[in-house]
Amino acid sequence: MTRNTQHMMLFCTAVVLFVTACLYGQWNIRILNEALNDRVKTNAAMEGRVHTTLLTGGFVGYTGAEVLHTVRQMTGTGVHVELDGHEYVIDPLEHRSAMIPVELDGNYRAEYNRSASGELLKLSFRKEVQRP
């Protein structure tokens, strides 16, 4: 085999490997893009639910209106919502006038109870005592 033929074969091999790497990268980008789009749709469908609390630190305060909204939105999920030691489940489609004893202008502290894998199992709200 002549030297030119040998260089031509090495060049063709390099081109084939480069094209293969580009196609593989494009395939991976497509998969990651689909996963990202699916995650965005999932988060958009959460309708204001508390879902980004894993790494929050310090005091996270909620008003009574936010607590009421959270109790109604968490109904039907696997997450239990507790208010001052009592668990409430309100289905807004079945019981539109159902109430829970929450002060709308009160302040509540949230406690997040999670499984070992980080899944939110229980969300507890405790009323903060107002100091004069």
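Student: How many residues does the chain have, and what percentage of them count as buried?

Tutor: Buried means under 20% relative accessible area, exposed means over 50%, and partly exposed lies in between, with a 1.4 Å probe and protein chains only. Here, 20% of the 132 residues of the chain count as buried. This is a predicted model, in which local features need pLDDT of at least 70 and side-chain atom pairs count only at pLDDT 80 or more, while totals for chains, interfaces and linings use all residues. Residues are numbered from 1 along each chain as its sequence is written, and side-chain values use heavy atoms, with hydrogens and water left out.

Student: What is the accessible surface of the chain?

Tutor: Accessible areas come from the Shrake-Rupley method with a 1.4 Å probe; for residues, only the protein chains shown count as cover. For this chain the surface comes to about 10000 Å², and carbon and sulfur atoms own 60% of that.

Student: Which elements does the chain have, and how do they run from the N terminus on?

Tutor: Helices (H or I, at least four residues) and strands (E, at least two) are DSSP runs, numbered from the N terminus. The chain has two helices and five strands, in the order α-β-α-β-β-β-β.

Student: What share of the contacts joins residues 24 or more positions apart?

Tutor: A contact means heavy atoms within 4.5 Å. Among contacts in the chain with a separation of 6 or more, 55% are between residues 24 or more positions apart.

Student: Which residues of the largest nonpolar core touch the most other members?

Tutor: A nonpolar core is a set of buried Ala, Val, Leu, Ile, Met, Phe, Trp, Tyr and Cys residues joined through side-chain atoms within 4.5 Å. The largest one has 15 residues, and Val 67, Leu 83, Leu 123 and Phe 125 touch the most other members. At least two residues of this core come from each of α2 (64-74), β2, β4 (107-114) and β5 (120-127).

Student: Which residues of α2 are buried, and what covers them?

Tutor: The buried residues of α2 are Gly 64, Val 67, Thr 70, Val 71, Arg 72, Gln 73 and Met 74. Their cover includes β1 (61-63), β2, β4 and β5.

Student: Which residues form the nonpolar patch on the surface?

Tutor: Patches are made of residues with over 30% relative accessible area and no salt bridge; like charges are joined within 9 Å, and nonpolar side chains (Val, Leu, Ile, Met, Phe, Trp, Tyr) within 5 Å. In this model, Met 8, Phe 11, Val 15, Phe 18, Val 19 and Leu 23 form such a patch, with about 610 Å² of accessible area together. One of them, Phe 11, lies in helix α1 (residues 3-44) and is exposed, at a relative accessible area of 52%. As background on helices, an α-helix has 3.6 residues a turn, so residues three or four places apart point the same way.

Student: How many salt bridges are there?

Tutor: A salt bridge is a side-chain nitrogen of Lys or Arg within 4 Å of a carboxyl oxygen of Asp or Glu. By this rule the count is five. One of these pairs is Glu 82 with Lys 122, at 3.0 Å from N to O. Glu 82 lies in strand β2 and Lys 122 in strand β5, so the pair ties together parts 40 residues apart in sequence.

Student: Is Glu 82 buried or exposed?

Tutor: Glu 82 is buried, with a relative accessible area of 10%, whereas Lys 122 is partly exposed at 27%.

Student: Which residues are linked with Glu 82 in a network of salt bridges?

Tutor: The network links Glu 82, Lys 122 and Arg 126. The side chains of Arg 126 and Glu 82 meet in a salt bridge of 3.0 Å, N to O. This pair links distant parts of the chain, with Arg 126 in strand β5 and Glu 82 in strand β2, 44 residues apart. Arg 126 is partly exposed, at 30% relative accessibility.

Student: Where does the salt bridge between Lys 127 and Glu 103 lie?

Tutor: Their side chains meet at 3.4 Å, N to O. Lys 127 is in strand β5 and Glu 103 in the loop between β3 (86-87) and β4, so the pair ties together parts 24 residues apart in sequence. Lys 127 is partly exposed at 28% relative accessibility, and Glu 103 is partly exposed with a relative accessible area of 43%.
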